[in-house]
Amino acid sequence: MVGESAPFGRRTFLRGVGSAGILAAISPALAACGGSSSSTWDGKLNFMGWDHQPEVIKRLVSSWSTANNVPVDVSISPNVGYAAAIQTRLRGGDPIDVFYNHSYNSERFIKQDWATPLNDLPGVDDMVANLYPSARPRYVQADGKIISVPYYSAVHLMHYNKRMVEDAGFSGPPKNLDETYAQAQKLKAGGLETPYVAYWIKEFCEEYFNVYLLSEGVIPFDDQGDPVFADDPKTVRVLEWWQSMYRDGLAASSVLTDDPGKLSTELAQGRAAFFVLHHYFLTAVRELNGPESPNLFHAPVSATGETLQIGDVLQMGTITNEDRKARAWDLMKYYGWKDVDGKFTVLTEWAKSSGLVGPYSDFFDDPAVIAAFPDYYDLKFLSATFGTGSNVMPVRNQSWYSAFQMKVGDHVHNLLLGNATPTETVKALTDAAKAAKKGGGL
Amino acid sequence: MALTLIRSASRAKVSPMSRADRQFGLRLSAPALALLAMLLVVPAVLTLVYSFHDVPPTGIAPGEFIGLTNYETVFGSPVFWSSLWVTIVFSLGFVVVSTCLGLGFALLLNEAFPGRGILRGLLVIPWACPWLVIGIIWRWFVDGSVGGLNGLLMHLGLTDGYIDFLSNPRSALIIAVIGASWRQACFAAILLLAGLQTLPKELNEAAAIDGAGPLGRFRHVTIPWLRPVLATVIVLNIIYAFLQFDVIFAMTQGGPGDATQVLSILIYRQLFVATDIGTGSALAVILALLSLVGGLITVRLLYRNEA
């Protein structure tokens with residue numbers, strides 16, 4: 001039987017494998033041609049997000065889908081590695097209509113035609129007008145291009161243990177770097193081994209760096225995106241302070257690799273008293289129900305009242321079919337702004353479950369939103385911080401910026417470990433920012 | 001006598017297949033080979049092509065041909081050399097620890113003792129865990145505040161207080177090696193145990209009659225018998241070592257500083273954070289060549305005596 005079969009030589013085989021290889025090589029391009037850019041549409045939308053409360057995401061999208069009679073395929077990826085996952089899918093031509101994105105990738109995705117500008121879509125100008133002016137530069141570029149809508153926003157605030165601070169004889173939380181050092185030192189002398197926790201893991205050092213510079217009144221980058229933090233002596237002062245907090249044992253040495261889950265537990269269990277991070281960590285600390293959880297409150301990072309506003313975004317994929325685009329935009333408005341009844345349905349859900357904020361000027365006036373936040377949130381303070389006390393730093397959206405971002409951790413760790421002086425670190429960071437802006441290099 | 005038996009066993013050859021059988025075999029494996037070509041060969045070739053181009057971030061087209069510029073950028077960067085050094089140190093540690101530990105496990109589990117079946121079953125658990133999970137488990141195990149390792153060391157009286165292993169550049173690298181090797185050693189042990197179980201008892205008996213002690217039998221009977229499996233294990237360990245990413249990333253993200261930043265982490269940062277596909281591809285090609293050369297040298301060294 002086998003001997004009777006048609007001849008199948010090595011050449012034939014290699015030809016077959018070669019054809020398969022060529023097919024595989026061109027398949028991403030073919031997929032791209034037949035995917036999102038196709039003018040025909042099967043009536044279904046694709047939505048992709050990361051795994052923060054996946055069941056809630058599915059419920060919220062499903063609710064919109066049922067109300068609008070548009071099936072939505074929801075795809076959830078792990079938060080760790082999400083950027084790589086979505087870039088791989090988009091690079092392969094996978095059509096995704098609406099997706100979560102890290103805001104630092106949003107401008108780049110527009111440049112790469114993986115995301116569509118939203119100008120001229122119905123209601124988009126109203127949405128932009130509804131944003132806090134402080135938040136607007138994250139979603140609207142300087143040239144007026146609207147690149148995304150909010151998924152959520154947050155501001156960096158000091159979380160402090162009121163009971164511990166008062167028991168140590170202080171009238172309130174620290175108002176500047178020196179006071180933080182002094183309070184932490186006194187608490188340490190009183191037996192609290194590591195009073196200060198910081199999110200100094202490599203990937204977060206850049207965000208932390210900007211928070212502390214802003215809170216000290218330093219403008220880190222100018223309007224052209226050039227680094228100017230070296231011009232202000234307060235930058236060196238911030239790094240000197242960081243180094244002394246770490247070197248003097250006021251922060252645990254493990255903070256270089258600790259995740260925020262662990263740091264929240266440290267606060268809840270009373271093993272730390274100060275933590276500067278996104279405001280919504282107060283929810284996490286309180287919900288841990290540790291012995292000190294009820295004693296944790298918010299305060300400004302410093303007396304200047306300035307801080308960094310962060311947030312991730314929703315973007316629309318490249319869609320040419322007008323009907324599909326209109327439906328995708330409806331979904332985005334519902335998910336990132338208001339529903340058809342003008343209610344912050346989705347954002348209220350995130351506020352309730354995680355303390356996240358929609359960066360809209362009337363967000364904190366909405367009774368449903370007010371009810372969604374637990375009592376321990378000072379919503380007036382939070383609203384004022386969003387309104388006038390925070391900066392999104394538009395440079396952080398620029399496509400070159402992530403190349404700088406990934407360098408900051410290396411330099412900050414060297415500083416904390418005592419391998420570089422604050423002055424050397426400032427110079428190294430300036431050089432890294434300039435090199436990243438120039439492009440190329442490792 | 002034992003050695004003669006081993007050599008004669010290894011020289012036994014399977015009778016050659018007929019041409020028709022080979023053609024039939026080729027047809028049966030063609031779909032799998034085509035799939036492999038699509039999943040492995042095509043991306044590898046594209047990566048090589050990208051490494052000579054100024055690739056736009058979309059990666060849809062290779063962009064402008066720029067010759068060796070990406071390689072010049074890589075070789076001119078101190079970040080690369082530092083990362084290469086970390087990769088070599090990590091890989092050496094990983095290969096040695098995982099192979100020796102795997103061999104130790106296999107020898108132990110090849111002996112008869114109560115509970116051996118359960119222990120053999122347990123061996124599969126770390127191997128079945130994803131690398132990322134292994135990294136997270138080890139990060140908590142060695143944690144400087146609540147880690148089990150610190151508790152154990154203190155109970156044994158070996159340390160006075162908790163130590164932050166991951167905040168010290170040197171100990172972070174050592175812990176990364178141990179964490180990754182722990183999983184790989186289990187995999188190595190499974191392969192080596194399978195090899196040990198094919199070792200005829202007569203060989204050891206003959207060696208004992210010849211006057212060989214336990215060490216002599218291990219050196220002159222067990223190791224030669226295991227050589228093909230050992231070669232496979234070591235080559236796989238080398239490949240896994242050079243490609244290691246998840247465990248280190250979960251534990252330290254390449255830190256503190258750049259103390260554990262192996263080339264695979266540098267490639268990830270270059271490709272997916274900085275979106276510099278050209279330089280990232282050049283780094284990937286260099287890493288692939290390193291693991292290839294490492295594997296080839298190992299095979300050559302292991303089979304040198306048989307030439």
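Me: Which residues in α12(B) meet which residues in α13(B)?

Reply: Please keep in mind that this is a predicted model. From α12(B) come Leu263(B), Ser264(B), Leu266(B), Ile267(B), Gln270(B) and Leu271(B). They meet Ile277(B), Thr279(B), Gly280(B), Ser281(B), Leu283(B), Ala284(B), Leu287(B) and Leu290(B) in α13(B). The residues of this contact divide into 9 nonpolar, 5 polar and no charged.

Me: At what angle do α12(B) and α13(B) pack, and how far apart are their axes?

Reply: Two packed helices are described by the angle between their axes and by the distance between those axes. Here helix α12 of chain B (residues 263-273) and helix α13 of chain B (residues 277-303) pack at about 160°, and their axes are 8 Å apart. Because of that angle, α12(B) is roughly antiparallel to α13(B). The crossing of α12(B) past α13(B) is left-handed.

Me: Which peptide bond is cis, and which residue has a positive phi although it is not a glycine?

Reply: Most peptide bonds are trans, and most residues other than glycine have a negative phi. In this model a cis peptide bond joins Gly255(B) and Pro256(B), with omega about -5°. Pro256(B) belongs to the loop between α11 (246-252) and α12 of chain B. As for phi, Asn69(A) has a positive value of about 60°. Asn69(A) sits in the loop between α2 (54-68) and β2 (72-77) of chain A.

Me: How many salt bridges are found over all chains?

Reply: Side chains of opposite charge can pair when their charged atoms come close. A search of the whole structure gives 21 salt bridges over all chains. One of them links Arg324(A) with Asp97(A), whose closest N and O atoms are 2.7 Å apart. Arg324(A) lies in helix α13 (residues 322-336) of chain A and Asp97(A) in the loop between α3 (82-91) and β3 (98-102) of chain A, so this pair ties together parts that are 227 residues apart in sequence.

Me: What area is buried between chain A and chain B, and how many salt bridges lie across their interface?

Reply: The buried area is about 4000 Å², and carbon and sulfur atoms give 61% of it. Chain A contributes 44 residues to the contact and chain B contributes 52 residues. Across the interface 3 salt bridges are found. A salt bridge also joins the side chains of Asp143(B) and Lys262(A), at 2.8 Å from N to O.

Key
Residues are numbered from 1 along each chain as its sequence is written. Chains are lettered from A and ligands numbered from 1 in the order in which they are written. This is a predicted model: local features need pLDDT of at least 70, side-chain atom pairs count only at pLDDT 80 or more; totals for chains, interfaces and linings use all residues. Side-chain values use heavy atoms; hydrogens and water are left out. Axes are lines fitted to C-alpha atoms, for helices over the stretch in contact, and angles run from 0 to 180 degrees between N-to-C directions. Helices (H or I, at least four residues) and strands (E, at least two) are DSSP runs, numbered from the N terminus. Angles under 35 degrees count as roughly parallel, over 145 as roughly antiparallel, 65 to 115 as roughly perpendicular and the rest as oblique. A crossing is left-handed if the near helix is turned anticlockwise from the far one by less than a right angle, and right-handed if clockwise. Contact means heavy atoms within 4.5 Å. Ala, Val, Leu, Ile, Met, Phe, Trp, Tyr, Cys and Pro count as nonpolar, Asp, Glu, Lys and Arg as charged, and the others, Gly among them, as polar. Buried area is the accessible area (1.4 Å probe) that two parts lose on being put together, summed over both. A salt bridge is a side-chain nitrogen of Lys or Arg within 4 Å of a carboxyl oxygen of Asp or Glu.
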